[in-house]
Each structure stands twice: as structure tokens, then as C-alpha cells.
Amino acid sequence: MEEQVLAVGDIIVGIDIGTSKVSLVIGEVNNFNQIEVICTASHRCKGIQKGKIVNENEIASCINKLIKEAETDASLKINSAYVTIPGKYITIVQNSISKEAKDKFAGISAKDVVSTIMQAKDIDVPEGKQIIDIVENQFILENGKKVSDPIGNLSGSFTLKAQVILAEKEYMRQLASIFRKANLDIDGLVPVTLAQRSLALDTNELNDNVMLLDIGAGNTDIGVFEGSNFVYTNTIALGGDNITKDIAVVLNISEEEADKLKKQYGLALKSFIDNDNEILLTTYKEDEGKKVIRSSELIAVMEARIEEIFSLVNRDITTQGIKPRINNVILTGQGIANINKSDVAGKIILNIPVKIATGRLISIVRPEYRTAYSLVRYVASRPFAKTVGSSIDSDSEEGFFKTLLERVKEFFYS
């Protein structure tokens, strides 16, 4: 796959609103086509539960704190940011547009390409949804050659294969309300797994039919890709926090101790236990606060919940009819990061090869900032976008609001 040319000089602010925290990454695109991270910040936040926004004020207040922290650290005034959106609020429509080049002797021009992208968004948008993104997946020249950038090619016509990304208006309305309270504009919305694709997948996987599973604290995001074609995304409202809560409830201990044990004995399958040690529970809520159990009892609780997460994913992709086309499953996310053999558990239930993400970029950024960083990276590598930078200045105190749709139009096509 060809390396994208990034938008040199642009400063991009990315915010990932997760189920346990809100994270921010500010990146500047340098002359070496890399993202220089100017600032990172993260705050615990419980404003989202089971994939739904339950407390707008809490999320707005978290974003506010992050922005103030970042503005102090980076000596910038931040007026806008890009934001992740979970797969459950996304619908993907495949579209194909064929176009004559305006002047076939001069080659395909940037204008030809941009007008084709504009045309790709002319679809019947279902009630309650709105276009947030056009992903240019592939261009096919009249001789059948497939290219990622057709500009300059001497071809009388070309076909654009694109994905039109739609989001639920109600969720967008909630996000707009949150960002208004935080006094920020939204530059654009990007599905979690679409942002993560270039970070989590290695070179071979980028050309393969893969399912990316991002298991977070309270959500598991599914993204299915056939090469560069974004086929399907959804969210299962379960994650690593559910495993912790199960341990706390079943063993009758505090969530703090449950989380510690999960990290210490992290194993997804009882069959891999080497020695079934005794564990002293220190926050046990009966018998004067102490109890001894076997590690197999703890691991049985983890195994049951991990099995459920993979089973729900399996049911979802089977119902959608896309399971037979998936060759490999790639696991990422903090919800499962400390649990060994979770890939083996996944393979047993999904019956597809499963591996932990090894994308060459994944090791360069701390786990809690991975999604926000991959969002910044995704935005920076947008082809054919006139400008992708967030609105930043050093002195202006006044941010101003545009509607999301205006921002999106300006971002892609102006």
C-alpha cells in the first residue's frame, strides 16, 4: 500500500471520548511526513455508559480541563478538534462514480477528482442520519489499472470507489451540545476503527480482509476492512470494565482489588493455568474481610466474560453475513491488553485466526493515547483535502460555531 502524503505544517487536535476516559492528542505534521506530538492529556470520565452519552456536562467539563491543560502546555489557543465516533452510530454506504476527464490529453486534474468526490455524496440519506465523511477507497483508470491517486494520469475516464460514512443525527446533536458547552468547534467525526486501521494493522493486513476489534473499558468496536475498503462497523457495549465488575461481584471483593487481580493473573482460558495458586482476597466482604481462593476460580470468571464478548461479536458479523469474508482478526484496546491468551479464546469462538495487533506504529504511543493519536494520523493523511488543520491561534479568545455539516463540507471539498 502506498504511503499517504501528510498535510505538512498543519496542527491537528484529536479527542477520543471513551467509556472510562477522554483523551487528547495534538500533533503537528513535520517536513519528514511524520506527526510530531505537541501535547497529550487524558482525564477519567464516566459520561458514557453502554455506548450511550449519559452525562453531557461531565464530558464537556472533562474536555474543558483537557483543553486548558493543553493550551498551557503548548502555548496555543485551541478553537476546534476532531472527534472519534463509535461504530454503533455509523452506517457505511458503498458508492461508485464514473467520470470523463475534462481534458484527456492533459491528464486527470485535481478538479476532476474533487468534483467526483462531491458527486459520491449524492445518495439518498436515510431519515435521522447525516453524511460525515467520504472515504476514497480506489480509483480505476479506463485501462482497468487501480490507483490511489489518479491525478496526472492520461486517461479519458476513471471510476471512483468510495464509502459514504453516515452518522446518527441524534448522537451528533449530543456531541455538538457537549462541544458547545466546552466552547469548541468540531472539525469532523471519524469512526474509531477507521482511525485505528493504519496504526493497528501491519503492511500485509492493510491489504487483507480483516476485522479489527478494539476492546476498550466499556465498549468493543468492530471494524471490517477488505483491503482499503471499509465494509462494516458496529459497537458491542461490553469491555474490560465488565470483566473487573464480574470479578468483584462473583468473589465479593472491591472493584480496586478485582482490577489488580485481573492485571496480575490476566489469563483468558483456564486450560492454560500452569499452577493453580492460592490467592488471598483482602477486601472480601464477609468473614472478617479475608478469604483464600484458587487462581482457577478467578480465571473462570474472566473466561466467561471474554467468551461472551467474542460470542456477541461472532453473532453480529454472522447476522450481517460478512463473517465468511474475514480472513484474520486483529485485537487491540486496553480492555484486553493485560489478559494473556485472549487471542486464543477469540480463535476458538470466532473460528478465524486471531492475533494481537502488531502494526509497526503501535509501539510508539502509550496505550491510553492510541485512539486519539490514530485519529490525528488519519486526519493528517486525508488525500485531496484542501486543509485538515484544526483552528488554532495564539491570542484570539473568541471561538465561533459553525454547523457540523458546514465544517464537513469545508474539510473535504472546498
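Author: Phe139 and Phe158 are both buried, where buried stands for under 20% relative accessible area, exposed for over 50% and partly exposed for what lies in between, with a 1.4 Å probe and protein chains only. The model is predicted, so local features need pLDDT of at least 70 and side-chain atom pairs count only at pLDDT 80 or more, while totals for chains, interfaces and linings use all residues. Residues are numbered from 1 along each chain as its sequence is written, and side-chain values use heavy atoms, with hydrogens and water left out.

A pair of aromatic rings is described by the distance of the centres and the angle of the planes. Rings of Phe, Tyr and Trp (its six-membered ring) pair if their centres lie within 6.5 Å; planes under 30 degrees apart count as stacked, over 60 as edge-to-face and the rest as tilted. The structure holds three aromatic pairs. In one of them, Phe139 and Phe158, the ring centres are 6.1 Å apart and the planes stand at 55°, so this pair is tilted. It links distant parts of the chain, with Phe139 in strand β9 (residues 129-141) and Phe158 in strand β11 (residues 157-168), 19 residues apart. Strands (E, at least two residues) and helices (H or I, at least four) are DSSP runs, numbered from the N terminus.

For Phe225 and Phe230 the centres are 4.9 Å apart and the planes at 15°, so the pair is stacked. Phe225 and Phe230 are both buried. Arg197 lies over the face of Phe225, at 5.6 Å from the ring centre; a charge sits over a ring if NZ of Lys or CZ of Arg is within 6 Å of the ring centre and within 35 degrees of the ring normal.

Now the cysteines. A disulfide is a pair of cysteine sulfur atoms within 2.5 Å, and by this rule the count is zero. Cys39 is in no disulfide, and the nearest cysteine sulfur, that of Cys62, is 15 Å away. The sulfur of Cys45 has its closest cysteine sulfur in Cys62 at 3.5 Å, too far for a bond. Cys39 counts as buried at 5% relative accessibility, and Cys45 counts as buried at 3%.

Next, the strands. Two strands pair if DSSP finds at least two bridges between them. Strand β18 (residues 328-332) has four of its five residues buried. Strand β13 (residues 209-215) pairs with β18 in the parallel sense over five bridges, and Leu213 has Leu331 of β18 as its bridge partner. Strand β19 (residues 354-356) also pairs with β18 in the parallel sense, over three bridges, and Val329 stands opposite Val354 of β19.

An open sheet of five strands has the order β3-β2-β1-β7-β12, with mixed pairing. Its edge strands are β3 (35-44) and β12 (185-191), each of which pairs on one side only. Nine bridges join strand β2 (residues 21-29) to β3, and the two run antiparallel; the bridge partner of Glu28 in β3 is Glu36.

Last, a helix. Ten of the eleven residues of helix α10 (residues 370-380) are buried, so α10 is largely enclosed by the rest of the structure. Among the buried residues are Tyr373, Arg377 and Tyr378.
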